[in-house]
Amino acid sequence: MISTASICAPASGPASSSSNKTIGIPIARGGDFLVRIAPPVRPLAPSAAQNGPRSRPVLELRVSKNVLASNSAYFQGILGLQPGLSMVTIDDNGSNRHALELWLRAAHQAEVPKMLKAVHSRHVWNTVAVGKLYGFLPLEAPAVKAWFIDYYKETLQNGAYLTPGVARTLAYPCAYFDHAEGFMKLTKFLVFNMNDKLYSLNTSDYEALNNEARLLDAPLLSARLDVQDRLARELDHPLRKLHQATCACRKETAFDYEDALAAIGCWPIASAFTRYTLSQILEKLGTFNFTPDRKDCESGYCRLDFNKSVRIAITRTKEEFDGLCLDCMKRSKAPQAGQARKEYIEKNSPFKGCWDMDCRYGHAQTTWRHSWTGSPTDRRLILGADRGERVRHRELERERAREKEATAGREWAPRGRRSGRRRSHFSMGNGNGEAAALDGAEHEDIDDDDEFYDAEEDTYLTEDIAELNVRDE
Ligand SMILES: [Zn+2]
Ligand SMILES: [Zn+2]
C-alpha cells in the first residue's frame, strides 16, 4: 500500500473525479515519488469552474524524492515530516498545472517541452506564484530563467514590442528571475514612459503577488521625480544666466525663451509633467527652436545658444536614470550573516566616483540611490562620505588651478563672468563607457558660484560666445 497526501483537497471524498483521464509524465527516470495534479471535487471559485479544471485530465508527474526535497522548501517540509510518503495530490486551480510541471522539470534538469512555452504574461506570473508557493528558487533551476528569457525576448522582438503595458507586466518577473539587463531596461522605460503611480501589473490570479510587485512603485516614482527635477533645472539654466545679466534686453529674452517653450507645450514645465510623460516632453523639446535677435546685447547673455542649451537638457535628462540595478538592490540589503558592517559599507560605496562596481550593467549614482534596499542611515552615510570626498577633490583642483594661475602670472577672471554646466570631471566612466553623474540630491550642495568656478573655460565666456556656438556637445 502506498502512502499518499492530498494538498488543498477537500477534507472528505476522493481528491478528484474518477472519470478524468490520467496522463503519466516520467520526469525522473525511475522516480520514487508521484506529484499528482488533479481537478478538485468542488470548484474553488466560480471562475475556476468556468476555466474548466474539472474537465482536464489528471497529471501524474513521476519525480525523484531527493531532488524534490533539495529544490523545494515546501516539499522538503512535507517529506521531513513524512519520509515514507510516496505521493501528493495537488488541486488543479486552473493556473498551476503547467507552472508546477515546469518547476519540477527544471529542478530535475529535464527538457522543457514546447507545450510549456509561455505565450502570455499570465503564465509568467503563475510560474512566479507557484515558485514562491512551493519554495523553488529560480537561481537553482536555470531552465526556468531560460524559459522566462525566451518569453521576454519573443515579446520584445516579435510580440507587442516594448510598450508601457509590456514593461508593467514584465519588470517584476525580471527581478524575480534575476534578468538584470531586462530589469534595468524595463524600469528605465517605465520611468520615462508612464505618469501613473502604479508601475507593476500582476496578470495572474495570485493576488498575494500584488504586494510584492508594488515594492517597485516607490523607487520608480522617486526616480521619475528626480528625472523631472533634473529636466526642470536644465531648462531653468538659461533663465538663471539671464537673471545675472545687466543688459536692457535680458527680460524680453527671458520671456521669449519661456514663450518658445510654451509654444511646444513644455512651459510651465510643472504642468507639462502632469500632461505628458518624460519621453513625450523630450520629443517635444527636440523641436525647440529659439534664436533671439539681440546682436546689440551688451552683456552677451542674450546671444547664448538657447537651442544648444535645450539639446544639452535633453541629453542630460536621458542620462539621469539608467533603470534599477538588481545587483545594487541585492548588495545593499542589510549586512549578511557574518558580514561585518564595515565590509558592508565598503562593498556598497563608490570607488573613485564609480557607482556600479561589481554590477552586471553600468550605471550612474541615481540608479544606485533608487536601487538602495538597506537602511536610510547607511545610505546617508555612504552619500555623505562621497560628498566629502568630492568637496576635497574640488578644493584640490582649485588649489592646483590657483598655483597654475600664479605661475602664469595671470589673475582670475571676475567671479560671475564664467558660468555653465557640466558633469563632474571627478566622475569616472564605467565598463560600458557611461559617465557617472554628479547628480540628484547632490545638486543642492553645489551653488551657482561653485558651478561658475568649476565651469569649463570655454563655456559662456562673453568674449567666447562664438566659440560656444560651435563647441561640441
Ligand atoms: Zn541682453
Ligand atoms: Zn548596480
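User: Before we start, how are the helix axes and the angles between them defined here?
Analyst: Axes are lines fitted to C-alpha atoms, for helices over the stretch in contact, and the angles run from 0 to 180 degrees between N-to-C directions. Keep in mind that this is a predicted model.

User: Okay, so how do α10 and α11 sit relative to each other?
Analyst: Helix α10 covers residues 217-244 and helix α11 covers residues 250-263; their axes come within 9 Å and cross at roughly 170°. Angles over 145 degrees count as roughly antiparallel, and α10 and α11 are therefore roughly antiparallel to each other.

User: Which residues make the contact?
Analyst: From α10 there are Leu 235, Pro 238, Leu 239 and Leu 242. From α11 there are Arg 250, Thr 253, Ala 254, Tyr 257, Glu 258 and Leu 261.

User: And how many of those are nonpolar, polar or charged?
Analyst: The contact of α10 with α11 has seven nonpolar residues, one polar and two charged.

User: Let's zoom out. How many helices and strands does the chain have?
Analyst: There are 20 helices and five strands. The chain has 473 residues, and buried ones make up 49% of them.

User: Now the metals. What holds the zinc ion (ligand 1)?
Analyst: Its protein donors are the SG atoms of Cys 247, Cys 249, Cys 297 and Cys 302, which lie 2.2 to 2.4 Å from the ion. Along the chain they follow the spacing C-x1-C-x47-C-x4-C.

User: Where are Cys 249 and Cys 297 in the fold?
Analyst: Cys 249 is in the loop between α10 and α11, while Cys 297 is in the loop between α13 (278-285) and α14. They are 48 residues apart, and the pair links distant parts of the chain.

User: Tell me more about Cys 302. What does it touch?
Analyst: Cys 302 sits in the loop between α13 and α14. Leaving aside neighbours within four places in sequence, Cys 302 is in contact with Leu 242, Cys 247, Cys 249, Arg 250, Thr 253, Pro 292, Arg 294 and Cys 297. Also, the C-alpha atoms of Cys 302 and Pro 238 are separated by 9.3 Å, though these residues are 64 apart along the chain.

User: Arg 294 is on that list. Where is it, and is it buried or exposed?
Analyst: Arg 294 is in the loop between α13 and α14. With a relative accessible area of 12%, Arg 294 is buried. Beyond its neighbours within four places in sequence, Arg 294 is in contact with Cys 249, Glu 252, Thr 253, Asp 256, Cys 302 and Arg 303.

User: Next, the zinc ion (ligand 2). What coordinates it?
Analyst: Cys 325 (SG), Cys 328 (SG), Cys 359 (SG) and His 363 (NE2) do, at 2.1 to 2.3 Å. Angles among the four donor atoms are 101 to 115°, and the site is tetrahedral. The donor spacing is C-x2-C-x30-C-x3-H.

User: Where do Cys 325 and Cys 359 sit?
Analyst: Cys 325 is in the loop between α14 (306-320) and α15 (326-331), and Cys 359 is in the loop between α16 (341-348) and α17 (365-371). The pair links distant parts of the chain, 34 residues apart. Cys 325 and Cys 359 are both buried.

User: Switching to the backbone, where's the cis peptide bond?
Analyst: It joins Trp 267 and Pro 268, with omega at about -5°. Pro 268 is in the loop between α11 and α12 (269-275).

User: Which residues have positive phi without being glycine?
Analyst: Gln 109, with phi near 55°, and Lys 352, with phi of about 50°, are examples. Gln 109 lies in the loop between α4 (97-107) and α5 (121-134), and at 72% relative accessibility it counts as exposed. Lys 352 is in the loop between α16 and α17 and counts as partly exposed at 48%.

Note on methods: Residues numbered from 1 in each chain as written. Chains lettered and ligands numbered in written order. Predicted model: local features only at pLDDT ≥ 70, side-chain atom pairs only at ≥ 80, totals over all residues. Heavy atoms only, no water. Donors = N, O, S within 2.8 Å, 3.2 Å for Na, K, Ca; no water. Tetrahedral: all angles 85-135°; square planar, octahedral: opposite > 155°, others 65-115°. Helix = DSSP H or I, 4+ residues; strand = E, 2+ residues; numbered from the N terminus. Buried < 20%, exposed > 50% of the residue type's maximum accessible area, 1.4 Å probe, protein only. Parallel < 35°, antiparallel > 145°, perpendicular 65-115°, else oblique. Contact = heavy atoms within 4.5 Å. Nonpolar A, V, L, I, M, F, W, Y, C, P; charged D, E, K, R; others polar.
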